Amino acid sequence: MNDPPARQASQASMAAVEAGDRAAWLALFAPDAVIEDPIGVSVLDPTGQGHRGTAAIAAFWDHTIASGTIRFAIRESYAAGDEVANVGTITTTFPDGNAVAVDGVFTYRVDDDGLIRALRAYWSEASMRTEESGQDSAG
């Protein structure tokens with residue numbers, strides 16, 4: 001049985017991020033998509049309104065994703081309709097070798113063409129933890 005389109009899109013998104021492939025990642029999003037990562041006001045989104053549209057999503061990559069090497073360890077995934085919720089850990093390793101990890105729920109909603117319309121991440125800055133320098137965080 002084939003994975004539902006939302007799960008396929010989430011897997012393609014995570015693969016592009018792990019590969020550092022900005023163009024492939026941006027191609028997965030509908031023009032009017034929104035990223036809320038994390039949801040609400042945060043250091044990554046001072047207004048709490050999310051990053052909406054192609055230019056804002058590209059800027060999110062440039063200022064957030066490109067800051068280090070990101071690895072995903074998804075423990076559970078639940079698809080329903082045009083959405084999927086992935087439960088797991090994201091670990092970011094920075095160029096200096098320091099790393100941070102956060103557990104969360106990461107949801108993706110796709111349109112009829114399988115493009116991501118919404119990526120929402122349920123986690124908080126307070127739940128971030130540091131990982132030892134040089135630790136293999138591929139999970």
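This is a predicted model: local features need pLDDT of at least 70, side-chain atom pairs count only at pLDDT 80 or more; totals for chains, interfaces and linings use all residues.
Residues are numbered from 1 along each chain as its sequence is written, and side-chain values use heavy atoms, with hydrogens and water left out.

Secondary-structure elements are DSSP runs numbered from the N terminus, with helices (H or I) of at least four residues and strands (E) of at least two. Helix H3 spans residues 54-63, and its buried residues are Ile57, Ala58, Phe60 and Trp61. Here, buried denotes under 20% relative accessible area, exposed over 50%, and partly exposed the range in between, for a 1.4 Å probe and protein chains only. Viewed down the axis of H3, these buried residues fall within an arc of 155°, so they line one face of the helix; the arc is taken from the directions from the helix axis to the C-beta atoms. In an α-helix there are 3.6 residues a turn, so residues three or four places apart point the same way. The exposed residues Ala55 and His63 are carried by the face of H3 turned away from its buried side. The buried residues of H3 pack against helix H1 (5-19), helix H2 (22-26), strand S1 (29-36) and strand S2 (51-52), where contact requires heavy atoms within 4.5 Å.

The whole structure contains 2 aromatic pairs. Rings of Phe, Tyr and Trp (its six-membered ring) were paired if their centres lie within 6.5 Å, with planes under 30 degrees apart classed as stacked, over 60 as edge-to-face and the rest as tilted. Tryptophan 25 and phenylalanine 29 form an edge-to-face pair, at 4.7 Å centre to centre and 65° between the planes; both residues are buried. Tryptophan 25 also forms a tilted pair with tryptophan 61, at 5.3 Å centre to centre and 45° between the planes. This pair links distant parts of the chain, tryptophan 25 in helix H2 and tryptophan 61 in helix H3, 36 residues apart.

The largest pocket has a volume of about 460 Å³. Its lining comprises 28 residues, of which Asp37, Thr64, Ile70, Ile90 and Thr92 lie nearest its centre. Strand S5 (99-110) gives the largest share of this lining, 5 residues. The largest cavity holds about 30 Å³ of space and is lined by Leu26, Phe29, Ala30, Thr54 and Ile57. At least two residues of the cavity lining come from each of S1 and H3.

Glutamate 18 lies in helix H1 and, at 32% relative accessibility, counts as partly exposed. Leaving aside neighbours within four places in sequence, glutamate 18 is in contact with Ile70, Arg71 and Phe72. Glutamate 18 and alanine 101 are 83 residues apart in sequence and 15 Å apart in space, C-alpha to C-alpha.

Key
On a 1 Å grid over the protein atoms alone, a cavity is a set of points where a 1.4 Å probe fits but cannot get out, and a pocket is an open set with protein on both sides within 12 Å along at least five of seven lines; lining residues have an atom within 4 Å of a point. Grid points are joined across faces, edges and corners, and a volume is the space filled by probe spheres set on the points.
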